[in-house]
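Hi everyone, thanks for coming.

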Amino acid sequence: MASYGTSDFKKGLKVQLDGEPYLVVDLDFMKPGKGQAVYRIKVKNMVTGRVLDKSYRSGDSIEGADVEEKEMQFLYKDGTNYHFMDGESFEQIELTPAQVGDSGKWLVEEMQCEIVFYNGSPITCSPPNHVDLKVTYTEPGAKGNSTGNVQKPATVSTGAELMVPVFINLDDTVRIDTRTGEYVERVSKS
Amino acid sequence: MLRARARMLRDVRDFFATLGVLEVDTPIIGDGLVVEAHINPVPCQVHSGADGPLPRHLLTSPEGPMKRLLAAGSGAIYQIAHAFRDGEEGRRHSTEFTMLEWYRPGFDHYELMAEVEALVQTLVPRTSGSAFTRRSYREIFMEGADIDPFATSLAELRATCERIGIPLPPNFEHGSLDDALDLLLVSHIEPTLGKPGPTFVHDYPASQAALAQVHKSNDGHDVAQRFELYVDGIELANGYHELANAEEQRRRFEQANRDREASGRSPLPIDEPLIASLQNGFPACAGVALGFDRLLMIATGAKRIADVRCS
């Protein structure tokens, strides 16, 4: 199993702690100018959803999570659960909203997702790092204000809400970083 | 942001021009380094004629070259320099960053603190309402965590972290006392410093002196003549009443290299010309390094250093 040093730490890393698989959901690098760096991470148990705070210092390392990952296609969401299919074996699995978590708001039909299996059972999914979605609602932006950092709220086709630059219009397609939920760029204009 | 940065660069130059402090521009690729236990340089290679590749480093601060100028009789100098620290990436850290560093012959660290205060008040007008407060390292630990940093132990620091809810790193017991104090500082005390107004922290333990002189404090502890400035929980500047003793400086660099090796990192080449200059004309002076990007964060309200780096 892979081992990760502090310089490998990033959001989305899957690690094994106290014998269970965890996902790194947040990290903070803290360091007094002359002193020792502290890597503070928040990890979420991929089975129970429990979130823990951990500190590490340079030179420390964590084992990679003892999980398997498989590319599967998102099919649909029924009344409650999310359904995925393996494109080769046509094997289908389902995940509960709790297992899918925040990722659910970026899923569109036929999207390739990474499904995580632990002890043979699917436990969670990660959508691609970037998804392109159409803007279904946003207020018109002010003209001539295309360079500043000013942002406004927008809703995309999956129903998710995020902040976008003011020059984004209804029906534009925007690229979103699913790890942060932040706008990346405009892919096409309406 | 580009304009805010340009304005602040201009304000810095105006501030020092008025005081008659000379701007300098020293090399950022170096052979030897100011060796510190917890600061890692970015290695690079250069090719020079038939020689090469030669191992070099991007400097972690312009301190070495600037001190050589001081020894050569430059008088008061400042520099707006790019500095490089490998592996430092975060909300307030960037591997490459801009540092404002200056030296004042004839000043002690208290006189320099007053000048830092004047500069910050000029550049960030909202900090000019009242005088910056001053707190000793001992006071911030007593007030923030009920710990006397000069009379504590790993066991007490462990208990304090557990009481406050700071997760302990896996090898807490193998770290030094300073490592444990650093953990408590960044995790718990630092976020409260410099609020509501900016705060200078001074009288650091002698073990954290780096390049500062050491003397006896009023309460009888060996303390470094070193200060840090905090604004809104952000560490902004680090200053010293500069050590001018070549032998002692070499001893500290060698100690830093032993600390590096003990924690599995490679030792670094010592800046020999710097050591030589300390024996040869180096004036009594105080010096300070201020994180220019962080000052710009404070001035503009930016939450991440990446937002002010114009990259």
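This is a predicted model: local features need pLDDT of at least 70, side-chain atom pairs count only at pLDDT 80 or more; totals for chains, interfaces and linings use all residues.

Phe90(A) gives us another example. Here too phi is positive, about 60°, although Phe90(A) is not a glycine. Look for Phe90(A) in the loop between β8 (82–85) and β9 (92–95) of chain A. Phe90(A) is exposed, because 7 other C-beta atoms lie within 10 Å.

Now let's turn to a proline in chain A. Where is Pro127(A)? In the loop between β11 (121–126) and β12 (130–138) of chain A. Pro127(A) is buried, since 22 other C-beta atoms lie within 10 Å, and the cut-off for buried is 20 or more. Which residues does Pro127(A) touch, if we leave out those up to four places away in sequence? Its contacts are Ser103(A), Trp106(A), Leu107(A), Met111(A), Cys113(A) and Thr178(A). Asp18(A), for its part, is 109 residues from Pro127(A) in sequence, and their C-alpha atoms are 27 Å apart in space.

On to chain B. This chain has nine helices and twelve strands. Its C-alpha trace spans about 60 × 45 × 40 Å along the principal axes. With 311 residues, a compact globule would have a radius of gyration near 19 Å, so the 19 Å of chain B agrees with that. Of those 311 residues, 43% count as buried. And if you take the contacts in chain B with a separation of 6 or more, 68% of them join residues 24 or more positions apart.

Let's zoom in on a sheet in chain B. As a reminder, strands of a sheet pair through backbone hydrogen bonds, either parallel or antiparallel. This one is an open sheet of three strands in the order β2-β4-β3 (chain B), and the pairing is antiparallel. Its edge strands, each pairing on one side only, are β2 (29–30) and β3 (42–48) of chain B. Between β2(B) and β4 (residues 51–58) of chain B there are two bridges. To see a bridge partner for yourself, find Gly30(B) and look across to His57(B) in β4(B).

Pro196(B) sits in the loop between α6 and β8 (199–205) of chain B. The peptide bond leading from Lys195(B) to Pro196(B) is cis, with omega near 0°. For comparison, most peptide bonds are trans.

Last, how do the chains meet? In all, 28 residues of chain B are in contact with 19 residues of chain A. On the chain B side, α6 (177–189) and β11 (234–241) each supply at least two residues. Which element gives the largest share? That would be α6(B), with seven residues. Sorted by type, the chain B side has nine nonpolar, eleven polar and eight charged residues.

That's my tour, and I'm happy to take your questions.

Technical notes:
Residues are numbered from 1 along each chain as its sequence is written. Chains are lettered from A and ligands numbered from 1 in the order in which they are written. Helices (H or I, at least four residues) and strands (E, at least two) are DSSP runs, numbered from the N terminus. The radius of gyration is taken over C-alpha atoms; the globule rule is 2.2 Å times the number of residues to the power 0.38. A residue is buried if 20 or more other C-beta atoms lie within 10 Å of its own, exposed if 12 or fewer, and partly exposed in between; C-beta atoms are placed from the backbone. Two residues are in contact if their C-beta atoms, placed from the backbone, lie within 7 Å. Two strands pair if DSSP finds at least two bridges between them. Ala, Val, Leu, Ile, Met, Phe, Trp, Tyr, Cys and Pro count as nonpolar, Asp, Glu, Lys and Arg as charged, and the others, Gly among them, as polar.
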